[in-house]
Amino acid sequence: DVMLTEKGFVQKEELTYPFEERGLQFGDGVYEVIRIYEGRYYLLKEHVERLYRSMAAIKIYPPFSEADLYDYLDQLLKKNGVVSDAKLYLQVTRGSAPRNHEFPLNTGANLYAYVKDFSRNTDLMRNGINTITLEDIRWEWCYIKSLNLLPNVIAKQEAKENDAQEAILHKNGLVTEGSSSNAYLVRNGKVYTHPATKRILGGCVRMKIEELCNRHQIPFIEEAFQVEDIAYADEVFMTSSTAEILPVLKVDTVTVGDGEPGRITRELQRLYEEDAGIRTEK
Ligand code: PMP
């Protein structure tokens with residue numbers, strides 16, 4: 001397996017990290033997870049642009065240009081001979097330096113990226129998931145895809161321990177997003193989701209959902225909904241690059257709609273597959 005680093009391509013076994021590394025010691029960095037279908041990146045530009053926005057927000061100045069990165073990412077797939085469904089993990093940190101909170105001088109950013117086989121979890125897409133609600137205790141800059149994922153990790157574990165697959169986060173009752181996904185509510189044929197403020201991560205799939213809704217006359221309303229509204233929802237769904245579009249059947253003890261994946265959710269799944277060029281065996 002070949003990995004991409006700031007020094008070029010290396011074999012996975014060759015990669016070592018100094019113990020004084022900003023990502024390891026401070027979570028001082030940002031990341032992306034990019035979907036690959038049949039050996040091709042999906043929503044690549046959206047992810048790369050978000051990576052650059054995340055880096056700029058925390059003042060990491062990468063030694064590679066955006067154009068270089070596209071080229072490297074392309075080469076990474078070729079060098080690994082990726083032809084099937086996979087995902088790319090990429091992170092950039094403020095580099096390696098003696099441990100001090102303030103930014104080190106003259107230390108370049110560290111980059112690493114690798115590809116991993118990853119097949120679609122079509123069972124969850126078809127059958128839906130259960131969720132729990134939790135207070136969103138994260139910081140106020142959730143639009144940055146930061147390596148600091150402790151609140152997200154704890155929320156996901158809490159979901160797992162309650163036989164749920166995702167946690168829906170809320171600030172004083174107002175739903176922000178999931179622990180690793182965006183959240184949507186459907187009522188009377190309209191899709192509601194938290195506006196893309198600093199309080200949520202503007203998902204690349206969320207952008208695609210907005211585009212698909214606009215193109216197919218499904219009202220897409222950027223208005224946060226309340227946890228309480230879920231009791232009156234027709235549908236709830238979550239999205240992310242790896243999970244795609246997941247129908248939510250239960251939120252805590254509340255059954256959503258009639259307890260089956262909803263019509264709009266299934267329609268968006270179909271449009272999404274079409275957009276991504278996913279072939280589904282019927
Ligand atoms: N919100 C959070 C907190 C996430 O971790 C993710 C997954 N990266 C998303 C939303 C969805 O983002 P995307 O659609 O770009 O995968």
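Strands here are DSSP runs of E with at least two residues, helices are runs of H or I with at least four, and both are numbered from the N terminus; two strands pair if DSSP finds at least two bridges between them. Across this pairing, Glu135 stands opposite His170 in E8. To get from E7 to E8 the chain goes through helix H5 (residues 150-161), a right-handed β-α-β crossover; that is, with the strands pointing away from the viewer, the path from the first strand over the helix to the second runs clockwise. E7 (residues 129-135) also has strand E14 (residues 244-251) as a parallel partner, joined by three bridges, and there Asn130 stands opposite Lys250.

A word on what you're looking at: this is a predicted model, where local features need pLDDT of at least 70 and side-chain atom pairs count only at pLDDT 80 or more, while totals for chains, interfaces and linings use all residues. Residues are numbered from 1 along each chain as its sequence is written.

Stepping back, the protein chain is assigned domain 1 (2-117) and domain 2 (122-276), with bounds from an automatic or database domain assignment. Their centres, taken over C-alpha atoms, are 27 Å apart. The contact (C-beta atoms, placed from the backbone, within 7 Å) takes 20 residues from domain 1 and eleven from domain 2. On the domain 1 side, strand E3 (29-37), helix H2 (44-57) and strand E5 (86-93) each supply at least two residues, and E3 gives the most, with eight.

Now for the other sheet. Six strands form an open, antiparallel sheet in the order E2-E1-E6-E5-E3-E4, and its edge strands, E2 (8-11) and E4 (40-41), each pair on one side only. Within the sheet, E1 (residues 2-5) and E6 (residues 110-117) share two bridges, and Leu4 stands opposite Ala113 in E6. Helix H3 (residues 66-79) packs on this sheet, touching E1, E2, E4, E5 and E6, and its direction makes about 165° with that of E1. Such angles run from 0 to 180 degrees between N-to-C directions, with axes fitted to C-alpha atoms, for helices over the stretch in contact.

Finally, the ligand. Of the 14 residues around it, Leu201, Gly203, Cys204, Val205 and Ser241 come nearest; being around it takes a C-beta atom, placed from the backbone, within 6 Å. Helix H6 (204-215) and strand E13 (235-240) are the elements that give two or more residues to this shell, and H6 gives the most, with three.

Terms used: Two residues are in contact if their C-beta atoms, placed from the backbone, lie within 7 Å.
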